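Please keep the sequence and the structure in view while reading.

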Amino acid sequence: MLHVPPYLNDYICSSLSKSLTASPVPRSSLGTAHCLSSFLSYHCFSNHHLAFLSALSQHPDPTSYSQVVRHPHWRNAMTAEIQALKANHTWILQPLPPGKKPIGCKWVFKTKFRADGSIERHKARLVAKGYTQIEGLDYHDTFAPVAKLVTVRCILAVAAARQWHLFQLDVNNAFLHGNLDEEVYMSPPPGYSTPTATPVCRLQKSIYGLKQASHNWFFKLCFVLLAAGFIQSQADHSLFKLSQGQSSTFILVYVDDILIASNDLSTITNFKTVLAYHFHIKDLGKLKYFLGLEVAHSPTGISLNLRKYTLDILADSGHLGTRPTAFPMEQNLKLNNADGDPSSFQRLVGRLIYLTITRPDIVFSVNILSQFMHQPRQPHYDAAVRVLRYIKFTPGQGLFFPAFSNLQVSAYSDSDWASCPLTRRSTTGFFIQLGTSPISWRTKKQQTISRSFAEAEYQALASTTCELTWLNTLLHDLDVHHSKPMLLYCDNQAALHIAQNPVFHECTKHIEIDCHVVCEKLQSGLITTRHISTSNQLANIFTKALGRDHFQALSRKLGITDLHALTREGVSTSYLHINAISAHISSHSIYNSLFRNYFSVSNCLGFILRS
């Protein structure tokens, strides 16, 4: 029998009086009521991939100089960074001229891992506090393109279908390769001793944190890639293509992280050699962890999720032990500016926005929350907490790009008429698939008030058509050519009639002219419209808060799966989700029989990743 210690006499400790030899109690009930292990499993992964996932979770990165100053490996990392900056002649020490004000700097620490999960190195990066720079004095041009996340998903979807090789590179001290034209002074780094107390660092090269640093670096990298024979995409300026006979190589740049996709390993090797000649690069091997995205490969396809990022959100917000829920927002919930206690949730919503990269099921909820970031109230915070409870229910959920896909584009467009209680504007939602791979989706409030439900639907069709037009250019750059028009599904007959027959003058005279881009693309043969029943309208999940049954029925058809889900009677729930997707596309894909047979029960163990 357990006895309460004397110092706890003033507290209610009835739970401690129970005997440990009592009837068996589930392990999770002895601690957290809603233990995370009840919603997160790693049974689908090989030991090699498990080691990598474990390393990501077990080594948190320091956040300040005071935390690392006592650790030799971090001190060595800072010393190595200082030596690299000196070798590159990044700055010169001199007294601060009169009338000049130096900008500050800080250290940022990151642990780098190998593909097997072992620690490759501890990296310390010196970052300037560029938010104190003054436009016209310390900087001028700042724009630098970065890869669109839709482009990332498109490349992975095409790579899975065509069995391309995927690798990633990291350019060491990338921003130091950019030349600096402005006169910028920086305070000495923390822990860096100067000969006297007065000198400051006059920067000769760009450094991380400067507003113009990314612009200077991308200009230098673009020059090298174009000289090597690459062609820059006009759909996404961060995408570069090199074609040599039957070989095609694609380079996607996100600041200093480079994604390589190619059908020829020798071309990849040659590209690495060319890039290593101009920059100091780090070959990270096969694509596994890119921009926080965890990538898992298998013969059946490619899985993409933000498991670690999700767990970090739950941990930082203090909701690791919260009670989970099966859908992210109460049905028909309408948020407004009602009175309530203000809550600081801007950072939380900002992190949830990034989570929507692999979670289309929470896009609508996050879109609603982001409309109240300027003045959040308690009801808004409660709604955000419910989203956290939902992602706690499925922390490892993400996208799946199957290896068997016909690469035919299909899109679903929907709207919710006058759904905003504050402005009475309608909400547009669309969902686009490449074969059976989800590549693009959006929830957005329309810019004008619609006078009818048909007008709201027609505006949604126009927004979806614009996205399809851009995707057609992007996919053409990725060597994906369409001999058939793209399919555009809508559940409103009036909007479809207006798109196909614009003679309804009384119904259309008040519609903005730019919305008639739908008619133009229909006539050009780029798209073709189809009617779909409301019950099968996938975009419905992007326009309104649905009930549990309807929400789960639609979310299972979005091409998302959870490789970390617990099993039911030996069959992974992610496998069941894949079967639901296969059943949904039966009327839209000529490859349905191949897809469905591939995920038969006899092959379900083949879904276990052995990469």
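## Aromatic pairs

The structure, which is a predicted model, holds twelve aromatic pairs. A pair of aromatic rings is described by the distance of the centres and the angle of the planes.

In the pair of Phe175 and Tyr208, the ring centres are 4.4 Å apart and the planes meet at 20 degrees, so this pair counts as stacked, given that planes under 30 degrees apart are placed in that class. The pair links distant parts of the chain, since Phe175 belongs to the loop between β4 (165–171) and β5 (185–186), while Tyr208 belongs to the loop between β6 (200–203) and α5 (213–227), 33 residues apart. Both Phe175 and Tyr208 are buried.

## A pair between two strands

Phe431 and Trp441 have ring centres 6.4 Å apart and planes at 25 degrees, and therefore they too form a stacked pair. Because Phe431 lies in strand β17 (residues 427–434) and Trp441 in strand β18 (residues 437–445), the pair ties together parts that are ten residues apart in sequence.

Are Phe431 and Trp441 buried or exposed? Phe431 is buried, and Trp441 is buried as well. These two residues, together with Phe542, form one aromatic cluster.

## Charges over rings

Trp441, already described as a partner of Phe431 in a stacked pair, also has a charged residue over its face: Arg153 lies there, at 4.0 Å from the ring centre. In a further arrangement of this kind, Lys272 lies over the face of Phe167, at 4.5 Å from the ring centre.

Methods: Residues are numbered from 1 along each chain as its sequence is written. This is a predicted model: local features need pLDDT of at least 70, side-chain atom pairs count only at pLDDT 80 or more; totals for chains, interfaces and linings use all residues. Side-chain values use heavy atoms; hydrogens and water are left out. Rings of Phe, Tyr and Trp (its six-membered ring) pair if their centres lie within 6.5 Å; planes under 30 degrees apart count as stacked, over 60 as edge-to-face and the rest as tilted. Helices (H or I, at least four residues) and strands (E, at least two) are DSSP runs, numbered from the N terminus. Buried means under 20% relative accessible area, exposed over 50%, partly exposed in between (1.4 Å probe, protein chains only). A charge sits over a ring if NZ of Lys or CZ of Arg is within 6 Å of the ring centre and within 35 degrees of the ring normal.
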